[in-house]
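Colleague: Please put the model up, and then I will ask about its pockets and one of its residues.

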Amino acid sequence: MIIKKHSLALTLALALTLMLENVDTYAQSGTNSPYSMYGMGVLSDRSTGFNRGMSGVSQGFNDGNQVNPMNPASYANVDSLTFIFDAGLSLLNTNLKEGDNKRNAKTANFEYAVAAFRVWKNVGCSFGVLPYTNVGYNFYRTNKETGAVEDTYTNTYTGSGGIHEAYLGFAWKPVKFFALGFNAGYLWGDYSKTITSVHSLSSATSLFRIYDGTVRSYKIDLGVQGIIPINKDNTLTLGASYVIGHSMNNTVELLDIKADTTAYRVGDAFFVPTTISGGFAWNHKNKLKFGADFTLYKFADQDFPTVFDNGKTFSYVKAGNQLLDRTRIAVGGEWIPDEYSNKFFERIHYKVGGYYATPYIKVSDSQGKLVDGPKEIGLSFGVGVPIINTWNNRSLLNLSAQWVRSSASNLITENYWRINVGITFNERWFAKWKFE
């Protein structure tokens, strides 16, 4: 008697339900950074469980037992006998410091859910939900106004929201050592930012600025990978991806509330930046893997909604010279002592990585002058722990920790620890079981 282990249609339906359920509830709390009040928020970490411990190195990785949406060409290598489902969450602890002022904040966040399977020979498919940007902050500043009577006022800044992406991607391997692929994504999200002012000489609270925006747009990613066999023990994979830049065609609104209320609206406010990534991965006997990526985000040539207020005139319009091109360099690797050993600790995947990134935003200093935003440096390490049963040894519990320092000259310095927990279910769901 031959029994099919699982139904693909049921699996796809259940996986998609898990991905979309409560995304709006959890995916908008992925940062505690005051810097997320600028631009479109903090750019999210879009890596998955297998490469988070390697600081997101991805362009040259094409392990057929993992999902790598950062380079869609990797789907062509998905194992023909499996359906892979990977989901993750994170715990974030942030320490903020500005001068002698210190603050700590904590949050938990649903991060991602992705899946992949082979459609037919040399063609793979992936779909999932990923974060794109995050907005989350709550802080205040106290200032003094001098005049006939000295007045102390406190401005409170709050913001929440973010942009998310649901994607469907395919990859094709036309020849043995070359693959190309694409992701077609749908972007959606909302954000809200407010500034309130409380004066010491008045019990009234003046809510004087409310920013609101909604995003509904698309995103297209293209990817290629080429494998160079060095010898029987070593291979080098070169990879590259390209995100097509375009306007999101959304409108943002600013309500300026003083004695009366004035509404300002700006169209074509947000955009997907043209993004170019390239990198490599070296594989030695499937035991030692390491690689490096370089990514360029083209923000600088785009206008962005900006407030101009000199005390006499006020306007909210798109303007140039508000953003910067962002670069990110990451290196990382993985070591597996013996994937098929009977000893548990020899089957664990050990990972380590680091990255450096420049800002895409400009921020206001204490004199109100625009300066470059915070640079980032990060280190990460992690393990992939096999989930072993009598017939499967390829599912993994991915645990990783990441330290990041984000700082700008004479402004807020952020140090945060992020604990990532991900589970990769990788079962031989398309195998047939035979009983006699």
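**Pockets and a buried residue**

Modeller: The largest pocket has a volume of about 1700 Å³. A pocket is an open set of points on a 1 Å grid over the protein atoms alone, where a 1.4 Å probe fits, with protein on both sides within 12 Å along at least five of seven lines. Its volume is the space filled by probe spheres set on the points, which are joined across faces, edges and corners. This is a predicted model, where local features need pLDDT of at least 70, side-chain atom pairs count only at pLDDT 80 or more, and totals for chains, interfaces and linings use all residues. Residues are numbered from 1 along each chain as its sequence is written, and side-chain values use heavy atoms, without hydrogens and water.

Colleague: Which residues lie nearest the centre of the largest pocket?

Modeller: The lining of the largest pocket has 47 residues; lining residues have an atom within 4 Å of a point. Nearest the centre are Met-37, Tyr-38, Tyr-157, Arg-209 and Ser-364.

Colleague: Is Glu-376 buried or exposed?

Modeller: Buried means under 20% relative accessible area and exposed over 50%, with partly exposed in between (1.4 Å probe, protein chains only). The relative accessible area of Glu-376 is 16%, so Glu-376 is buried.

Colleague: What does Glu-376 touch, not counting residues up to four places away in sequence?

Modeller: Contact means heavy atoms within 4.5 Å. On that basis, the residues that Glu-376 touches are Arg-326, Tyr-355, Tyr-356, Ala-357, Val-404, Arg-405 and Ser-406.
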